[in-house]
Amino acid sequence: MGRTETGFGQCAAAVGVELGKGGVPGLTSRGPWACGLDDVPEAVLEALRSMHTALGGDVDLTRSKSERSLVPDFILGSGQIVEVDEIQHFTSDRKLTLELYPDDLSLGFDRDEYARLCEVHGAVADRYRAAKPAADFPFAGGRRAQRAFFDATRDLLAPFLAGNPVIRAAAPECDPGLAFNRVSSLLVGT
């Protein structure tokens, strides 16, 4: 866990918000091709498959890899996922996924604000690991595309697998206090 996430957790603890660790069954690196997604609407799975294609992912490589759990930054006591997103989460790849979200999806963050932050920080964020490929996104910048796909996977599947939408705390400045303040009203009293 990085400094921003650690500080965010300390901010939460200071006001009595319990943030734990753990995974969510079915939320894996195989995205819409994971096992145990029977209760997820086909439209949601299709949206994820479309994002994967738009990002340049290799379906055969994704489907054939082992189902590694996508462990969230935190789990709120109620089982809700909490993610703290530093600058590497605000790329042009991430903006693309946000534009492909189903309109009726329940989210724990403002999708339009996240798209705006991708526009503001995209030029810098796109340089983060710009040349690094990923196993299922085997090209320069593939790791960046994979991160955007994993974020979308959490956002689209969590309401069905964990029972609640993902709460996302924007932290492009890497300031844990500022990130916590952005979402404190969603965390306090839950």
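**Aromatic cluster and nonpolar cores**

Ring pairs join F137, F139, F149 and F150 into a cluster; rings of Phe, Tyr and Trp (its six-membered ring) pair if their centres lie within 6.5 Å, and planes under 30 degrees apart count as stacked, over 60 as edge-to-face and the rest as tilted. The model is predicted: local features need pLDDT of at least 70 and side-chain atom pairs pLDDT 80 or more, whereas totals for chains, interfaces and linings use all residues. Residues are numbered from 1 along each chain as its sequence is written, and side-chain values use heavy atoms, without hydrogens and water.

By this rule there are seven aromatic pairs. The ring centres of F137 and F149 are 6.0 Å apart with the planes at 50°, so this pair is tilted. Because F137 lies in the loop between α5 (111-125) and α6 (142-161) and F149 lies in helix α6, the pair ties together parts 12 residues apart in sequence; helices here are DSSP runs (H or I, at least four residues), numbered from the N terminus. F149 also forms a tilted pair with F150, at 6.4 Å centre to centre and 45° between the planes. Both F149 and F150 are buried, that is, under 20% relative accessible area (1.4 Å probe, protein chains only).

In the largest nonpolar core, of 37 residues, Y101, L156 and L157 touch the most other members; such a core is a set of buried Ala, Val, Leu, Ile, Met, Phe, Trp, Tyr and Cys residues joined through side-chain atoms within 4.5 Å. Helix α6 gives the most to this core, with eight residues.

Note on methods: Helix = DSSP H or I, 4+ residues; strand = E, 2+ residues; numbered from the N terminus. Buried < 20%, exposed > 50% of the residue type's maximum accessible area, 1.4 Å probe, protein only.
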